[in-house]
Amino acid sequence: MTRPRMRPWQRSGFPPRGPHRYQLLVDGGTFIPAMLEAIETAREQVLLEMYLVDSGTTAEHFIGALAAAARRGVDVHLLLDGFGAQGLGSAERSRLTAAGVRLAFHNPLGWVRWRVALFRDHRKLLLVDGRVAFVGGMGITDAFDPVARGAGAHWHEVMLALEGPCVADWQRLFADGWRQWGRDAIAFPGPATPPAPTTPDGRVLGHVGAGGQAVLRAVLAQIGKARSRVWIATAYFAPTRRLRRALKRAVRRGVDVRLLLAGPCNDHPAVWHAGRRFYGRLLQAGVRIFEYQPRFLHAKMVLCDDWASIGSSNLDHWTLRWNLEANQALTDPMTVEDLAAVFRHDFTLSEEWTFAAWQERGLRQRLLERLLGSLDDLLVQWSYRRALRHPPSAQR
């Protein structure tokens, strides 16, 4: 298929904008009610883009809010990933469309499209009335809800609410995805283009059809400039060689480099063991590694000095090659300090590995790392070769 003409922002990325109002929302007990309230008070438009959606109590709350909004005349668009939303039942889908919700699926699974089945929409985004955006790493599933899942068992996640000119850039990302899978254009409330920034304090990191490369490029640039701290939290640790090198160089400059990673509580043990094969050399280089203990850590956060990034990207090989990703970068001092406080608290709830302790780990753990790490290496090499032969933009 002919490669579509790219818009200027798709080639160069979105510019810094501001000023914004930010609010950090930690865990589902905070962000789920805030998102539902935003939908329930919407007057013009609701745009929701999600990867992981499962039928359950949390989905019922969102379906009820979306359906009610559509029935009162709000323009509601729901864009779900064709793989991640397999857990949403046909009855729930019918209720949404019957209420007037516009429902579309990114890259639906099927025999006709099996060659591009790995290209997924991993973004998590809620836009209401062109006024507020919620971005981060959540899914519409009971795993994130402390009420449905049970206190102490829900996944640890962080979402960011923002108001300001970057909301229009998030609308553009949603519109490009919808144009392909929803098959029509979207009219947005508010100004067509963001006003000129007076105090830039944020930037959308994302491109259409470019995986998570925009996020990784921005993070690598900030790591290269960091002078005091580089703190990264990610749920699935499969770092690229460039990222590992950048972390080691930062340590050599005297930067406090810390990784906050999932511990024994996780949803993909094989991925966890495979990712641990990178610990040894990073620890030896001086990178501090913390494994979060109480619950599954699903958050995707980066803090480099006074620059922060929150969104959907795990900064791994898979999100770079196969997934649509997007993060919000920000430099607002109060929000940066709030995020630093989240990191500090999570470090106290984690087990820190030392290089000496890592060398003493058991034989079973070493075998799992080698076996599952080798399998992961083979999959990554295969994905790189396939991505070169079949680039995502050529599959549209």
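How many bridges join E6 to E7, and do these strands run parallel or antiparallel?

Guide: The model is a predicted one. In it, E6 and E7 are joined by 4 bridges, and the two strands run antiparallel. Within this pairing, Leu 127 stands opposite Ala 133 of E7. The hairpin formed by E6 and E7 has 3 residues between the strands, and Asp 129 adopts a positive phi near 60 degrees there.

Strand E7 itself, residues 132-136, is mostly covered, with 5 of its 5 residues buried. In a regular strand, side chains alternate between the two faces of the sheet. In E7, Val 132, Phe 134 and Gly 136 point one way, while Ala 133 and Val 135 point the other way, and all are buried. E7 is also joined to strand E8 (residues 158-163) by 5 bridges, and this pair runs antiparallel. The bridge partner of Phe 134 in E8 is Ala 161.

From E6 one may turn to the loop between strand E5 (120-121) and strand E6 (125-128), where Arg 123 lies. Arg 123 forms a salt bridge with Glu 49, and the closest N and O atoms are 3.1 Å apart. This pair links distant parts of the chain, as Glu 49 belongs to strand E2 (residues 45-50) and the two residues are 74 residues apart. Both Arg 123 and Glu 49 are buried.

The model has 13 salt bridges by the rule applied here. Another of them joins Asp 176 to Arg 179, with 3.4 Å between the closest N and O atoms. Both of these residues lie in helix H6 (residues 166-181), 3 residues apart, which is about one turn of the helix. Asp 176 counts as buried because its relative accessible area is 11%, under the 20% cut-off. Arg 179 has 36% relative accessibility, so this residue counts as partly exposed. A further salt bridge pairs Arg 344 with Glu 337, the closest N and O atoms being 3.0 Å apart. Here Arg 344 is partly exposed at 37% relative accessibility, and Glu 337 is partly exposed at 40%.

Elsewhere there is an open sheet of 8 strands with mixed pairing, in the order E9-E16-E14-E13-E10-E11-E12-E17. Its edge strands, strand E9 (202-205) and strand E17 (350-353), each pair on one side only. On average, neighbouring strands of this sheet are turned by 15 degrees against each other, direction ignored. Within the sheet, strand E13 (residues 301-304) and strand E14 (residues 307-311) run antiparallel and are joined by 4 bridges. Cys 304 stands opposite Trp 307 in E14.

H14 provides the largest share, 5 residues. By class, the lining of the largest pocket comprises 21 nonpolar, 9 polar and 6 charged residues.

Technical notes. Residues are numbered from 1 along each chain as its sequence is written. This is a predicted model: local features need pLDDT of at least 70, side-chain atom pairs count only at pLDDT 80 or more; totals for chains, interfaces and linings use all residues. Side-chain values use heavy atoms; hydrogens and water are left out. A salt bridge is a side-chain nitrogen of Lys or Arg within 4 Å of a carboxyl oxygen of Asp or Glu. Buried means under 20% relative accessible area, exposed over 50%, partly exposed in between (1.4 Å probe, protein chains only). Two strands pair if DSSP finds at least two bridges between them. Axes are lines fitted to C-alpha atoms, for helices over the stretch in contact, and angles run from 0 to 180 degrees between N-to-C directions. Ala, Val, Leu, Ile, Met, Phe, Trp, Tyr, Cys and Pro count as nonpolar, Asp, Glu, Lys and Arg as charged, and the others, Gly among them, as polar.
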